[in-house]
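Ready for some practice with backbone angles and strand pairing? Have the sequence and the 3D view at hand, and try each task before you read its solution.

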Amino acid sequence: MQFMGTERPWLNLYGIRVRPVAAFGSVSTKDLVDPALIHRCLPDELLFEVFARMTPYTLGRAACVCRKWKYTIRNPSLWRSACLKTWQLSGPITNYQLAHSIYDGSWKKMWVHRPRIRMDGLYVSRNTYIRVGVAEWKVTNPVHVVCYYRYLKFYPNGKFLYKISSQKLKEVAKCMNFRASKTDCVHKGDYGLDGDLIKAAILYPGLRRTLLRIHLRVRGTTVGANNRLDLLKLVTTGVDDSELNDPNDDMLGVVEGWQEDETHNPDVPAITHKRGLTPFVFVPFEEVETSVLNLPVDQMDYFVTG
């Protein structure tokens, strides 16, 4: 009897048809009165301008607010500008051709299903290994868990930043920019995206210049997430000083056509690294301070990327 007498006010909503509100740009000529206060005070043109200044992931969250916002965010111009900015290295002509030939002319579909690199945060790879210590006057030696990170930050113009450090994510995020000093050890490089494969190259300064070549694959835990980078290959190789006219040259152009074990400096042999190849996990800027990657080793001795 107690169960039968429970009030369920949501049952009164069944059978009630909610009349949709025409979105900005709709072909409907009927004047619909929207009961929402924000829609009565804010014209549709201004609402569209607000959406035009949002990031695509913020647009996805805003589309869940109400039906009118959902219809407004379907406007192709919002997603076209996001796609052209993200894949600006491919050129507008190639992007238009791909949108119409593969994604049925839908820029939103292209944004969701085409592999891309996220630039609203950092990619982090957490690596650990065991190091045996030395203790005097003891039978057993201590064992230490050493933890270090690789950080990647990409830009739409084909440039990216790379840093390898034992510092936590919330500390490194402050210096991952082109204004970083030499003491921050943030290295600049060039990358290219071909399908879901990324090829990147960095020039390490010093007496014997060394090139770091990185091969990555983009994937996502869900459709459109692109929140994982599998580290396929990590190669250090030598480069001849005559090949570098300017330190700001495109490093991918320098190593174009090279073999995997090719080096142009006999003092710096080509080495393919087999350790420290943990996949990169994407962390948005708004989650840098609260990410679990900031936990010390004694609280998280291993991390499963998924």
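**Exercise 1.** In this predicted model, find the residue of β5 that is the bridge partner of G192, and work out in which sense β4 and β5 pair.

*Solution.*
Step 1: Look across from G192, and you meet its bridge partner K199 in β5.
Step 2: Follow both strands: β4 and β5 (residues 197-204) are antiparallel, with six bridges between them.
Step 3: Now check the connection. The two strands form a hairpin with two residues between them, and G195 in the turn has a positive phi of about 70°.

**Exercise 2.** Move on to β5 and β6: how many bridges join them, and which residue of β6 is the bridge partner of I198?

*Solution.*
Step 1: Count the bridges; β5 and β6 have eight, and they pair in the antiparallel sense.
Step 2: From I198, cross to β6 and you reach L216.
Step 3: This hairpin has five residues between its strands, and G206 takes a positive phi near 150° there.

**Exercise 3.** Is N226 buried or exposed, and where does this residue lie?

*Solution.*
Step 1: Locate N226 in the loop between β6 (210-219) and β7 (228-238).
Step 2: Its relative accessible area is 7%, and buried means under 20%, so N226 is buried.
Step 3: Check the backbone too: N226 is not a glycine, yet its phi is positive, about 50°.
Step 4: Keep the general rule in mind: most residues other than glycine have a negative phi.

How values were computed
Residues numbered from 1 in each chain as written. Predicted model: local features only at pLDDT ≥ 70, side-chain atom pairs only at ≥ 80, totals over all residues. Heavy atoms only, no water. Helix = DSSP H or I, 4+ residues; strand = E, 2+ residues; numbered from the N terminus. Buried < 20%, exposed > 50% of the residue type's maximum accessible area, 1.4 Å probe, protein only. Pairing = 2+ DSSP bridges.
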